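Please open the model in a viewer and keep the selection panel at hand.

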Amino acid sequence: DFSNWKEYVADTDPATNSSCFQINSMSNSVSTGLRLYFMTSTNRLYGVNFKDDLLVTNAWNTLTNNIPGTGLEKWVDDTNSVVTQRSYRMSVTVTN
């Protein structure tokens, strides 16, 4: 349900329902905290935001920004996740 421009930015295929921008998986360990895995594309920068309560109307908090895409899977660690529930969202922008 995204425009072709948004599909281009995310480097997904608008003609294929299974082509989507998403967090692929998560893991949790004592040493790394919560780890979020996602696929990247070249010429893109990625960011991850979080919220501890989706019912509260405050802004999303930045976990990290400006992760350069490589065409391979990358991950981000949330070592400060002390709450029992946390929601995440990702952003992507095109670079030159």
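## Stop 1: a salt-bridge network

Begin by selecting Asp52, Asp78 and Arg86, which are linked in a network of salt bridges. A salt bridge here is a side-chain nitrogen of Lys or Arg within 4 Å of a carboxyl oxygen of Asp or Glu. The model is predicted, so local features need pLDDT of at least 70 and side-chain atom pairs count only at pLDDT 80 or more, while totals for chains, interfaces and linings use all residues. Residues are numbered from 1 along each chain as its sequence is written, and side-chain values use heavy atoms, with hydrogens and water left out.

Display the side chains of arginine 86 and aspartate 52: they form a salt bridge with an N to O distance of 2.6 Å. This pair connects distant parts of the chain, since arginine 86 is in the loop between E5 and E6 and aspartate 52 is in the loop between E3 and E4, 34 residues apart. Helices (H or I, at least four residues) and strands (E, at least two) are DSSP runs, numbered from the N terminus.

Is arginine 86 buried or exposed? Arginine 86 has a relative accessible area of 17% and is therefore buried, whereas aspartate 52, at 39%, counts as partly exposed. The cut-offs are under 20% relative accessible area for buried, over 50% for exposed, and partly exposed in between (1.4 Å probe, protein chains only).

## Stop 2: the remaining salt bridge

The structure holds three salt bridges. Select aspartate 77 and arginine 35, whose side chains meet in a salt bridge (2.6 Å, N to O). Arginine 35 is buried because its relative accessible area is 17%; aspartate 77, at 28%, counts as partly exposed.

## Stop 3

Axes are lines fitted to C-alpha atoms, for helices over the stretch in contact, and angles run from 0 to 180 degrees between N-to-C directions.

E1 and E2 pair in the antiparallel sense over five bridges; two strands count as paired if DSSP finds at least two bridges between them. Select serine 27 to find arginine 35 of E2 opposite.

## Stop 4: the sheet E4-E3-E6

Which order do the strands of the other open sheet take? The order is E4-E3-E6, again with antiparallel pairing. Strand E4 (61–68) and strand E6 (87–94) each have a single partner strand, so one side of each is left without a neighbour in the sheet. The twist averages 15 degrees from one strand to the next.

Eight bridges join strand E3 (residues 44–51) to E6, and the two run antiparallel. Leucine 45 stands opposite threonine 93 in E6. Also in strand E6, select valine 92, which counts as buried because its relative accessibility is 17%.

## Stop 5: core and surface

Select Phe38, Tyr46, Val48 and Tyr88, the residues with the most contacts inside the largest nonpolar core, which has 13 residues. H1, strand E2 (33–39), E3 and E6 each supply at least two residues of this core. A nonpolar core is a set of buried Ala, Val, Leu, Ile, Met, Phe, Trp, Tyr and Cys residues joined through side-chain atoms within 4.5 Å.

Finally, select tyrosine 8 in helix H1. Tyrosine 8 counts as partly exposed because its relative accessibility is 45%.

## Stop 6: the whole chain

Zoom out to view one helix and six strands, running α-β-β-β-β-β-β from the N terminus on. The C-alpha trace spans about 40 × 30 × 25 Å along its principal axes. Of the 96 residues of the chain, 30% count as buried.
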